[in-house]
Amino acid sequence: MRAATDRRTIAGMDRADVVARNRQYWEALAPRRPGESVEFFSSGGSALNEHELVAVGDVRGRRVLQLACSVGDEALTFAQRGADVVAVDLAPTHLATGRAKAEALGLTVDFREQDMMALEPDLAGFDLIFISWGGICWVPDLGQWAADLAERLTPRGVLVISEHHPLWEVLTVTGEETLTVSGDYFTAARDGYADPAKAPQITRELDAQVQSRSYVWNLGALASALLSAGLTIRSLQEFPEADMYAGLGDQAAHIPATYLLTATR
Ligand SMILES: C[S@@+](CC[C@H](N)C(=O)[O-])C[C@H]1O[C@@H](n2cnc3c(N)ncnc32)[C@H](O)[C@@H]1O
């Protein structure tokens, strides 16, 4: 069921239009986005990396909500580890891929077509809320998002965010040991990507240009939104990732590419 989306205006664009545009964008990408194979999961593969597995802890018997789940790979890993999982996304074709993989693996995941800014009221009482890898950049209003999620956690519930670093979002490699600033760290909304390397890989294979509206949420904005929502930030780790600064050389080890944050109610 598709949840209602409110019509407030965000950076000159009606929120409902942002959601509609982004759904169209992700649906266009869907046929080329299978995610991990069924065999990957059946042979013991995990869609969460080692740092994420530590951050989420033992999920057996826990109620987990994954936001912007795409084709459901991380949701499948949670289910394989014994969690009771709800996974939401805007794009119905991505969700259909996730459902097919869950069925093939004999796993139960409640995949729902929902705007993560307008979740159904029954999506509450979660021990863990998880979002990752190009999820938070689709949130148009971080303050409202954080306040809503805080209400949907159990009293000891944890929010885990594992994401591209906002500094990486605004830097472009132009040669060995050379970076330029191609985006704005302080202004969230952006239409498309100034640096194509920041866009999903498959957009480079699309015949037609599809528009999207996404947001670079800097760490100050994120911390402020979480704290204003009454959440306590428990950890914030930043990691280098040489592949994400391809061509930069050894200097890639000295700047952040990703971050992992945990917060509790
Ligand atoms: C890069 S993918 C997320 C990646 C995912 N963690 C993974 O590793 O596959 C971004 C997803 O966000 C979804 N999305 C964008 N805006 C959304 C919204 N307002 N509510 C829910 N999902 C949204 C898109 O449909 C897309 O599947």
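Helices (H or I, at least four residues) and strands (E, at least two) are DSSP runs, numbered from the N terminus. This is a predicted model, in which local features need pLDDT of at least 70 and side-chain atom pairs count only at pLDDT 80 or more, while totals for chains, interfaces and linings use all residues. Residues are numbered from 1 along each chain as its sequence is written, and side-chain values use heavy atoms, with hydrogens and water left out.

Buried residues of α1 include Arg15, Ala16, Val19, Tyr25 and Trp26, where buried means under 20% relative accessible area, exposed over 50% and partly exposed in between (1.4 Å probe, protein chains only).

A nonpolar core is a set of buried Ala, Val, Leu, Ile, Met, Phe, Trp, Tyr and Cys residues joined through side-chain atoms within 4.5 Å. The largest one holds 42 residues, of which Leu67, Ile136, Trp145 and Ile161 touch the most other members. Among the elements that give two or more residues to this core are α1 (15-29), β4 (84-89) and α6 (142-152), and the largest share, 5 residues, comes from α6. A second, separate core has 25 residues, including Val56, Ala75, Phe78 and Leu260.

| Residue | In contact with (heavy atoms within 4.5 Å) |
|---|---|
| Trp145 | Leu67, Met116, Met117, Ile131, Ile136, Val139, Ile161 |
| Arg190 | Cys137, Glu169, Ser212, Arg213, Ser214, Tyr215, Val216 |

Arg190 lies in strand β10 (residues 189-191), and it counts as buried because its relative accessibility is 15%. The side chain of Arg190 makes a polar contact with the side chain of Glu169 at 3.2 Å, a polar contact being a pair of N or O atoms within 3.5 Å, of which, within protein, one must be able to donate a hydrogen and the other to accept it, and residues adjacent in sequence count only if both atoms are side-chain atoms.

Over the protein, the secondary structure comes to 8 helices and 13 strands, and 51% of the 265 residues count as buried.

Technical notes. Contact = heavy atoms within 4.5 Å. Lists of a residue's contacts leave out its neighbours within four places in sequence.
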